[in-house]
Amino acid sequence: MSYDAIFNSALARLHAEGRYRVFLDILRNKGAYPNARCFAGAGASRPITVWCSNDYLSMGQHADVIAAMEEALHDVGAGSGGTRNISGNTHYHTELEAELADLHGKEAALLFTSGYVSNEATLGTLGKILPGCIIFSDALNHASMIAGIRNSGCAKQVFRHNDLEHLEELLAAADPAAPKLIAFESVYSMDGDIAPIGAICDLAEKYDALTYLDEVHAVGMYGPRGGGISERDDVADRLTIIEGTLAKAIGVMGGYIAASKTIVDVIRSYAPGFIFTTSIAPVLAAGALASIRHLKRSSVERERQQAAAARLKQLFADAGLPVMVSETHIVPLLIGDPIVAKRVSDALLARWGFYVQPINYPTVPRGTERLRFTPGPSHSDEAMIALTGALAELLAPSTLRLAA
Ligand SMILES: *Cc1c(COP(=O)(O)O)cnc(C)c1O
């Protein structure tokens, strides 16, 4: 058996479709984000501007966050040294969980090593605890939720994205006696649209279903204290479980759920993805704690970020660029072809030092390949104007024909 031939043909398929992923080798310049150094190609690094980071508020560079991490490092060292059960339950972890529970107005919270793991472990475990459970899943849910739902072994019903009528149709058709869970996101990160959380909770009440909300792209970003869209819309108390990440707007790393004491206790006690892995490093917990505490008090970062996103959308629209309608901080530009998306991204980097990663299938459906911009509080107006000019040049019909 030629194993290598099989592996190579799997890679060749990606190349042929134009969706082979190339990671850009960069270093961010602390205190000067969005400036970074790029190590692609030969020779020394060169300066670039990052346009696609999920550290939306630059909290990964915030002085309070860095000071808290340095202090933790010098106080207790690098790793946690164990699972939560076996010596890895540090005071940083318990404090952070209390802070997260408070952020979402829930009784308790539980930390995981990432947002991906929190979704996979929680959904997978819930489904096993609830016999005969049916999970109703939004069509655009993140890969980590889909993986968790699959692991749960539950029957899955996919409703059309943000489509309340379709969701109700499926709920009404299901066995009234079966346990039900509706799993969805608040901000859908590739399109930048928002779920009707309150209306979904209405349906959940009507059909006696639990709700599971992924607030990964909204935590830190929306609501007076950064509690997400559920805080902004004042519906957090209606949700059974809120899930989030510490890696995006919070700027560090890790994932969590917030829910009732009982649900957190069940997941803590049964989820393999929580139990059998070392807890996050105390340094990470300390940094996340400082970041969340800051964002609970300060809205400046959120306001500046929203202003930058609105400005970039306007610049793109005025230049006639195919900016997708987005109600949020995300600015997607529809390209519709993986090879063109890659060429435009490569040219932006080579000629202007602008870094935006092309987004391809399976992250988005085929034919909707896009460039996804996440301007932050520190992208300057001049940079946004220069970016718009570069895109207008690259996406002009004459240039595109040359590229194709
Ligand atoms: C990024 C992302 C996750 C995973 O979070 P990580 O902390 O990066 O693992 C989960 N859900 C959604 C919607 C995401 O975009």
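1. Helices (H or I, at least four residues) and strands (E, at least two) are DSSP runs, numbered from the N terminus. In these terms, Asn-162 is found in the loop between strand E6 (155–159) and helix H6 (164–173). Although Asn-162 is not a glycine, its phi is positive, at about 55°.

2. The model is a predicted one, in which local features need pLDDT of at least 70 and side-chain atom pairs count only at pLDDT 80 or more, while totals for chains, interfaces and linings use all residues. Residues are numbered from 1 along each chain as its sequence is written, and side-chain values use heavy atoms, with hydrogens and water left out.

3. Ser-58 also has a positive phi, near 60°, and is a residue other than glycine. Ser-58 is placed in the loop between strand E3 (46–50) and helix H2 (63–76). Its relative accessibility is 12%, so Ser-58 counts as buried (buried means under 20% relative accessible area, exposed over 50%, partly exposed in between, with a 1.4 Å probe and protein chains only).

4. Two cis peptide bonds deserve attention. One runs from Tyr-33 to Pro-34, with omega near 15°; Pro-34 lies in the loop between strand E1 (26–28) and strand E2 (35–38). Another runs from Tyr-361 to Pro-362, with omega near 5°, and Pro-362 is in the loop between strand E15 (358–359) and strand E16 (370–373).

5. In helix H9 (residues 261–270), the buried residues are Ile-263, Val-264 and Ile-267. Seen down the axis of H9, these residues fall within an arc of 100°, so they line one face of the helix; the arc is that of the directions from the helix axis to the C-beta atoms. Lys-261, Thr-262 and Tyr-270, on the other side of H9, are exposed.

6. The ligand has 13 residues around it, of which Gly-115, Asp-214, His-217, Thr-245 and Lys-248 come nearest (a residue is near a molecule or strand if one of its heavy atoms lies within 4 Å of it). A nitrogen atom of the ligand is 2.7 Å from an N or O atom in the side chain of Asp-214, and an oxygen atom of the ligand is 2.5 Å from an N or O atom in the side chain of His-217. Taken alone, the ligand exposes 380 Å², and the protein buries 85% of that; accessible areas come from the Shrake-Rupley method with a 1.4 Å probe, and for residues only the protein chains shown count as cover.

Key: A polar contact is a pair of N or O atoms within 3.5 Å; within protein, one must be able to donate a hydrogen and the other to accept it, and residues adjacent in sequence count only if both atoms are side-chain atoms.
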